[in-house]
Amino acid sequence: MPSRKARLEMPEQARDAAAACFLCARALGRRIEYHHPVPKSRGGRDTVPVHPICHRAIHAAIDNKALARDFADAEALRNHPDIARFLLWIADKPPDFHAPTRRRKT
């Protein structure tokens with residue numbers, strides 16, 4: 001298994017092949033994480049490339065049970081109210097933009 005750094009920093013030619021974030025559809029930057037649309041804890045195996053900030057926004061807004069049940073599809077995920085608000089905010093940010101992610105209030 002590659003090191004954490006190797007998973008997060010993708011070579012330029014590989015980055016071109018996976019040019020857009022699964023969540024926000026912005027161009028991917030230097031740092032990339034891989035999200036399981038169906039969480040591993042729920043039997044998911046496939047992964048998709050996302051920005052680190054997008055990955056944190058997904059998990060801050062939706063728990064694994066709900067991700068597996070209702071939000072494995074990108075379009076459904078984008079229609080979640082918290083994610084939709086995040087997408088409006090992040091739309092004009094550069095690919096490597098990062099900011100602290102707030103957890104949802106319970």
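This is a guided tour of a predicted model, one selection at a time.

**Whole chain**

Start with everything shown as a cartoon. The chain holds six helices and two strands. Trace the sequence and the order reads α-α-β-β-α-α-α-α. Colour by accessibility next: of the 106 residues, 38% count as buried. Contacts are worth a look too. Among those between residues at least 6 apart in sequence, 53% join residues at least 24 apart.

**Helix 3**

Select residues 52-61, which make up helix 3. How many of the 10 residues of helix 3 are buried? Eight of them are, so the helix is mostly covered. The buried set is Pro52, Ile53, Cys54, His55, Ala57, Ile58, Ala60 and Ala61.

Now show what lies over those residues. The cover includes strand 1 (33-35) and strand 2 (48-50). It also includes helix 4 (64-70), helix 5 (74-79) and helix 6.

**Helix 3 against helix 6**

The crossing of the two is right-handed.

Show side chains on both helices. From helix 3, the residues in the contact are Ile53, Cys54, Ala57, Ile58 and Ala61. They meet Asp82, Ile83, Phe86, Trp89 and Ile90 in helix 6. By type, the residues of this contact divide into nine nonpolar, no polar and one charged.

A pair of aromatic rings is described by the distance of the centres and the angle of the planes. Two aromatic pairs are counted.

Take Phe86 and Trp89 to begin with. Their ring centres are 6.1 Å apart and their planes lie at 45°, so the pair is tilted. Both sit in helix 6, three residues apart, which puts about one helical turn between them. An α-helix has 3.6 residues a turn, so residues three or four places apart point the same way.

Is Phe86 buried or exposed? Phe86 counts as buried, at 12% relative accessibility. Trp89 is partly exposed, with a relative accessible area of 40%.

Move on to the other pair, Trp89 and Phe97. This pair is edge-to-face, with 5.5 Å centre to centre and 65° between the planes. Phe97 counts as partly exposed at 24% relative accessibility. Trp89 takes part in both pairs, with Phe86 and with Phe97.

**Ala76**

Go to helix 5 and select Ala76. Ala76 counts as partly exposed, at 23% relative accessibility. Which residues does Ala76 contact, leaving aside its neighbours within four places in sequence? They are Asp70 and Phe71.

**Ala25**

For the last stop, select Ala25. It sits in the loop between helix 2 (12-17) and strand 1. Check the backbone torsions here: Ala25 has a positive phi of about 65° although it is not a glycine. Ala25 is partly exposed, with a relative accessible area of 49%.

Key
Residues are numbered from 1 along each chain as its sequence is written. This is a predicted model: local features need pLDDT of at least 70, side-chain atom pairs count only at pLDDT 80 or more; totals for chains, interfaces and linings use all residues. Side-chain values use heavy atoms; hydrogens and water are left out. Axes are lines fitted to C-alpha atoms, for helices over the stretch in contact, and angles run from 0 to 180 degrees between N-to-C directions. Helices (H or I, at least four residues) and strands (E, at least two) are DSSP runs, numbered from the N terminus. A crossing is left-handed if the near helix is turned anticlockwise from the far one by less than a right angle, and right-handed if clockwise. Contact means heavy atoms within 4.5 Å. Ala, Val, Leu, Ile, Met, Phe, Trp, Tyr, Cys and Pro count as nonpolar, Asp, Glu, Lys and Arg as charged, and the others, Gly among them, as polar. Buried means under 20% relative accessible area, exposed over 50%, partly exposed in between (1.4 Å probe, protein chains only). Rings of Phe, Tyr and Trp (its six-membered ring) pair if their centres lie within 6.5 Å; planes under 30 degrees apart count as stacked, over 60 as edge-to-face and the rest as tilted.
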